[in-house]
Amino acid sequence: MEVIFIRHLPTPGNEKRQYIGSTDETLSEQAVKIFRGRQEGAEAVPYPEIQCLTASPMKRCIQTAELIWPGVPVRTEPLLRECDFGRFEGKTYEELKDEPAYVRWLESGGMTAFPEGESQETFRERCREGVRKWIRRWMEEGVTRAAFVVHGGTIMAALSGMAEGEHSFYDWQAGNGCGYSAKALEEEWKSGTEILRDLKKIG
């Protein structure tokens, strides 16, 4: 089956370059306007038709899912939420750059736990389990193409641990409204080899 991963469109906090994780923002009006205009023109992203759609329960993901695939019911999965940035939540680099905990986090390559937030290990594993859960379910339902509309961090967490070959977390960055397509081979998954193959960029 084909599995699509799409990152949500921008929120007001994204546009201000804030760390937006657990904050349940809606999409910015400007982002929605730009998206609609682009999809009506030559720069439209060729989103494929899908049978099933699962999103993070955050408003920004649900709204993006409904914009891209109107009429397709959106099911939500809490395991696919963005990371909780703890004390960094809602702040910008400029506001954090002199804070020792932030400097240590940057120097670790983003691998240390966020102060009062979620550890990277916990975040990455829950995202992967959420993806595995729904791919298994779609296979049981006989689905041949389905999509996740989630967060940039969720995509990086899932694909860095599930895509064929060796990849780092940051190899899988995606722009807002963009993402990847992948193949999940049913015979492999049913035998316990839960790998995503033949990954291609979307957008």
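1. Is Glu-2 buried or exposed? At 16% relative accessibility, Glu-2 counts as buried, where buried means under 20% relative accessible area, exposed over 50%, and partly exposed in between (1.4 Å probe, protein chains only). The model is predicted, so that local features need pLDDT of at least 70 and side-chain atom pairs count only at pLDDT 80 or more, whereas totals for chains, interfaces and linings use all residues. Residues are numbered from 1 along each chain as its sequence is written, and side-chain values use heavy atoms, with hydrogens and water left out.

2. The structure contains 18 salt bridges, each defined as a side-chain nitrogen of Lys or Arg within 4 Å of a carboxyl oxygen of Asp or Glu. One of them joins the side chains of Glu-2 and Arg-145, at 2.8 Å from N to O. Because Glu-2 lies in strand S1 (residues 2–7) and Arg-145 in strand S4 (residues 145–150), the pair ties together parts that are 143 residues apart in sequence. Strands (E, at least two residues) are DSSP runs, numbered from the N terminus. Arg-145 is partly exposed, at 29% relative accessibility.

3. Glu-125 and Arg-132 also meet through their side chains in a salt bridge, at 3.1 Å from N to O. Here Glu-125 is partly exposed, its relative accessible area being 37%, while Arg-132 counts as buried at 16% relative accessibility.

4. A salt bridge links Glu-129 with Arg-136, whose closest N and O atoms are 3.4 Å apart. Glu-129 is partly exposed at 30% relative accessibility, and Arg-136 is partly exposed at 31%. Through shared partners, salt bridges join Glu-125, Glu-129, Arg-132, Arg-136 and Glu-194 into one network.

Terms used. Helices (H or I, at least four residues) and strands (E, at least two) are DSSP runs, numbered from the N terminus.
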